[in-house]
Amino acid sequence: MKLFNELDYLPEGLLGCQTTDLHAFLQKPTLIHLQGRNPNPVFISVLMHGNETVGWDAICRLLPKYTVAGGNQELPRSLSLFIGNIEAAKESVRALPDKPDYNRIWPGCGYESAAARL
């Protein structure tokens, strides 16, 4: 089973979602690749902790002006956007007790899971 979705478009209505609603919209963590004028992407991750929503809020304010989200300006640089811990965001908590803390699964942290191996 794949641990995350991977898309090459911004789903319609996504930027209107509150963090507590993203789980119903995406079902699992999602990596979205958006094409910009410069093909070398910038990587942005949001919601590594479900209760830290400022990154998602910034994306929702920034992207609507670009054509990838219905705006009239070309995205200046390609973007890879990872929307992380949507299950914890649904509950407005850092991480769920039975799930990994996405900011503690990196190599060397001693946490073994499918997410850490990924």
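Which residue forms a salt bridge with E6, and how far apart are the closest N and O atoms? In this predicted model, the partner of E6 is K2, and the closest N and O atoms of the pair are 3.8 Å apart. E6 has a relative accessibility of 40% and therefore counts as partly exposed. K2, with a relative accessible area of 45%, is also partly exposed.

A search of the whole structure finds three salt bridges. Side chains of opposite charge can pair when their charged atoms come close. Another of these bridges joins E74 to R37, with 3.3 Å between the closest N and O atoms. This pair links distant parts of the chain, since E74 lies in the loop between α2 and β4 and R37 in the loop between β2 and β3, 37 residues apart. E74 is partly exposed at 45% relative accessibility, whereas R37 counts as exposed at 53%. A salt bridge is also formed by K99 and E87, whose closest N and O atoms are 3.8 Å apart. K99 is located in the loop between α3 and α4 (114–117) and E87 in helix α3, so the pair ties together parts twelve residues apart in sequence. K99 has a relative accessible area of 37% and is partly exposed; E87, at 28%, is partly exposed.

The strands form an open sheet of four, in the order β1-β2-β4-β3 and with mixed pairing. Its edge strands, β1 (5–7) and β3 (38–46), each pair on one side only. From one strand to the next, the twist averages 15°. Between β1 and β2 the pairing is parallel, over three bridges, and E6 stands opposite L31 in β2. Helix α2 (residues 54–62) lies across β3 and β4 (77–83) and runs at about 140° to β3.

T30 belongs to strand β2 (residues 30–34). Its relative accessibility is 0%, under the 20% limit, so T30 counts as buried. The side chains of T30 and N5 are joined by a polar contact of 3.3 Å. Residues touched by T30, leaving aside those up to four places away in sequence, are N5, L7, L81, F82 and I83.

The largest nonpolar core has 22 residues, of which L14, L22, W56, L63 and I83 touch the most other members. At least two residues of this core come from each of α1 (22–26), β2, α2, β4 and α3 (86–91). Among the residues that L14 touches are L22, W56 and I83. A second, separate core has five residues, including F4, L31, M48 and F82.

Notes. Residues are numbered from 1 along each chain as its sequence is written. This is a predicted model: local features need pLDDT of at least 70, side-chain atom pairs count only at pLDDT 80 or more; totals for chains, interfaces and linings use all residues. Side-chain values use heavy atoms; hydrogens and water are left out. Buried means under 20% relative accessible area, exposed over 50%, partly exposed in between (1.4 Å probe, protein chains only). A polar contact is a pair of N or O atoms within 3.5 Å; within protein, one must be able to donate a hydrogen and the other to accept it, and residues adjacent in sequence count only if both atoms are side-chain atoms. Contact means heavy atoms within 4.5 Å. Two strands pair if DSSP finds at least two bridges between them. Axes are lines fitted to C-alpha atoms, for helices over the stretch in contact, and angles run from 0 to 180 degrees between N-to-C directions. A nonpolar core is a set of buried Ala, Val, Leu, Ile, Met, Phe, Trp, Tyr and Cys residues joined through side-chain atoms within 4.5 Å. A salt bridge is a side-chain nitrogen of Lys or Arg within 4 Å of a carboxyl oxygen of Asp or Glu.
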